[in-house]
Amino acid sequence: MLKLSKTQWIGLAVFLGAVFVAVPMTIAAFGRTDLFFTLTSVGLLAIASAGVWLTFYIGRINIGQGAFALLGAYVSAILVTKAGMSFWLSLPIAGLFAAFVAVLIGLPILRLRGVYFAMITLVLTQVFTLTALALPITNGAKGITSIPLPGELSLFGITLIPDFATLGNPRVAFYYTTAALMVLTFAAMYRLVNSRLGHLCRSMQQNEELASSIGVNISYIRIIVFAISSFFGGIGGAMFGSIAQSVYPSSFQVADSVNFMLNCFLGGLGYVFGPMLGTLVLYFGWDLLFEFGKYQLLIYSSLLIILMLVLPNGLLSMKIPGLSPKARSGPEVAGKKEEPGQ
Amino acid sequence: MEQILANGIYLGSQYAMIALGLTLIFALMNVLNFAHGQMYVLGGFVTYTFYGQLGFPFVVALFLACATLFVLGALIEKFLFGPVIRRSSREESTMLLAAGLAFFFDAVILLVFGEKQRGVPKIVDGVFNWDFRLIMPYDRILICVLAIFSIVGFILFMQYSKTGRALRALAQDRTAAQLMGVNVDRYSMIGFALGAMLAGLVGGLLVTITGVNLGMGGPTSIKAFMMVMIGGAGVISGAIAGGIILGFLEAIGLAVLSQYGDITYLLIFVSLMIFLAFRPQGLMGKPWG
């Protein structure tokens with residue numbers, strides 16, 4: 001099992017308490033139920049960003065997560081609307097299908113490195129958007145609309161999750177579902193990073209040839225990691241489609257893929273919980289700046305640039321004296337610059 | 001057929017110029033410049049302001065667009081990319097900076113020029129018509145010729161001038177260039193400025209034909225990435241080849257596949273991915289750039 005220090009257990013308890021108790025209670029106290037939707041979006045985007053972070057962990061710049069999020073959203077939407085399947089079954093299928101496609105696409109493109117991989121994944125997002133426009137099953141530019149809310153999930157006659165449509169405010173239900181999914185995702189990430197596979201990933205991040213020469217099966221690991229990454233993308237996308245009750249080819253585009261990547265950068269590439277913090281800050285930062293009207297984008301982008309100048313290694317690289325960061329991913333891993341391999 | 005070829009040459013020469021700037025910046029600094037498309041749009045808007053609004057001669061406006069972008073590029077390298085590359089522990093961090101810059105330019109263009117499509121008066125009137133087999137407005141031919149001259153000029157500059165030699169040395173091996181007495185900081189700045197200037201020059205040239213609007217930046221960047229991937233990142237001949245190939249693919253695709261709807265780009269993307277699976281470094285690139 002996980003070996004956590006005492007501070008880490010306390011941190012975990014505080015985090016869980018905040019997500020499941022404190023935040024809903026605060027929102028209820030102030031009556032700002034619209035915040036549930038915002039926080040749900042943050043949670044889902046953080047799940048997808050976690051996938052991107054994982055590909056960063058093996059030293060690949062992934063700007064293709066939007067493609068897999070779109071794929072997951074469409075798979076779930078088609079299964080629910082056309083096949084009448086329960087949403088709770090379609091969710092893992094969407095994730096697994098995204099992972100399957102990632103393996104197929106990953107086999108050739110994971111041989112690319114550096115900016116080549118970054119650019120090909122960027123193109124991949126565009127390919128998926130265009131494919132969704134062209135295929136008949138995705139209904140083209142009209143998209144798939146009026147997807148029913150998730151139904152009841154019961155096991156042996158015991159209702160585990162009630163039918164969302166019967167609830168007074170399905171947004172609260174979506175919030176709890178997303179929070180649970182996010183906690184699971186990041187727990188899995190933490191476990192993975194601190195496992196043998198995590199060590200192998202770090203060795204690949206530093207030098208693939210060297211890792212390969214001491215017997216690490218690098219092509220196998222990068223496929224596995226890319227598949228896990230896309231699985232998170234598919235899950236995030238499928239949930240998003242269910243909340244919005246619609247999917248369009250423009251639901252996830254190149255800009256979204258770039259944002260997933262920015263979330264990881266902002267939080268810090270050396271820290272497991274970087275994508276979560278990065279997503280929260282970017283999403284809320286954008287929302288808070290709404291008051292500035294037409295200067296919103298100007299201020300937002302200026303802040304991004306300044307942040308990059310002050311903290312080029314991400315928000316979590318900020319050192320607070322006297323407080324050991326609880327969310328470290330084991331040893332410092334962001335140490336090495338990649339040599340320009342000629 | 002002649003029409004398709006002419007369109008291919010016309011598109012290809014423009015694309016090659018956009019890709020040249022991107023690949024130059026990449027070769028020198030290992031920076032993937034997400035803001036390249038926005039720089040191109042900015043060049044278009046500067047030309048629009050001076051030529052379309054203030055009534056300066058086109059050549060002067062074009063020169064001013066180049067000068068603006070050159071200075072802007074130099075400042076960006078000096079105060080943004082330089083420090084971040086020095087301080088960051090991972091080179092990829094520059095991508096966040098580049099994306100931030102792209103947003104920043106979008107915001108500035110939106111505030112200063114608005115989101116409307118802007119056009120300028122034609123520089124030459126009339127249409128070249130060869131027996132209805134080849135129809136091409138004269139201004140397109142002029143722009144195409146100008147673009148080709150700029151490309152040739154750029155290659156000669158890189159090949160024979162002192163600055164060009166220094167830049168090539170820098171692209172080949174930074175440390176070795178420094179040991180040979182090349183002022184690395186200064187030439188990085190000049191290189192980035194030149195790349196930005198090329199983007200501004202294309203923007204200025206194309207504003208006379210397609211006009212310019214805010215939304216053109218992002219798609220232009222994606223196209224530029226594709227050309228660089230086809231030719232190989234960081235290689236000048238590769239960028240030119242990539243630009244011309246993409247120009248021809250687009251011209252042929254739009255002519256042949258038009259009855260099947262908008263699938264030209266889907267096919268181009270898919271074939272690019274297949275191509276890269278077999279040749280990851282592009283046509284002329286070094287492996288693992």
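Is Gly285(A) buried, exposed or partly exposed? Gly285(A) is partly exposed, because 15 other C-beta atoms lie within 10 Å; buried takes 20 or more other C-beta atoms within 10 Å, exposed 12 or fewer, and partly exposed is in between, with C-beta atoms placed from the backbone.

This is a predicted model, where local features need pLDDT of at least 70, side-chain atom pairs count only at pLDDT 80 or more, and totals for chains, interfaces and linings use all residues. Residues are numbered from 1 along each chain as its sequence is written, and chains are lettered from A and ligands numbered from 1 in the order in which they are written.

Gly285(A) sits in helix α11 of chain A, residues 274-288; helices are DSSP runs of H or I, at least four residues, numbered from the N terminus. Leaving out residues up to four places away in sequence, Gly285(A) touches Tyr300(A) and Leu303(A), contact being C-beta atoms, placed from the backbone, within 7 Å. From Gly285(A) to Tyr300(A) the C-alpha distance is 7.5 Å, at 15 residues apart in sequence.

Now the interface. In chain B, 45 residues are in contact with 44 residues of chain A. On the chain B side, α3 (58-87), α4 (93-113), α9 and α11 (264-278) each supply at least two residues, and α4(B) gives the most, with 14 residues. That side divides into 32 nonpolar, seven polar and six charged residues. Here Ala, Val, Leu, Ile, Met, Phe, Trp, Tyr, Cys and Pro count as nonpolar, Asp, Glu, Lys and Arg as charged, and the others, Gly among them, as polar.

Technical notes:
Two residues are in contact if their C-beta atoms, placed from the backbone, lie within 7 Å.
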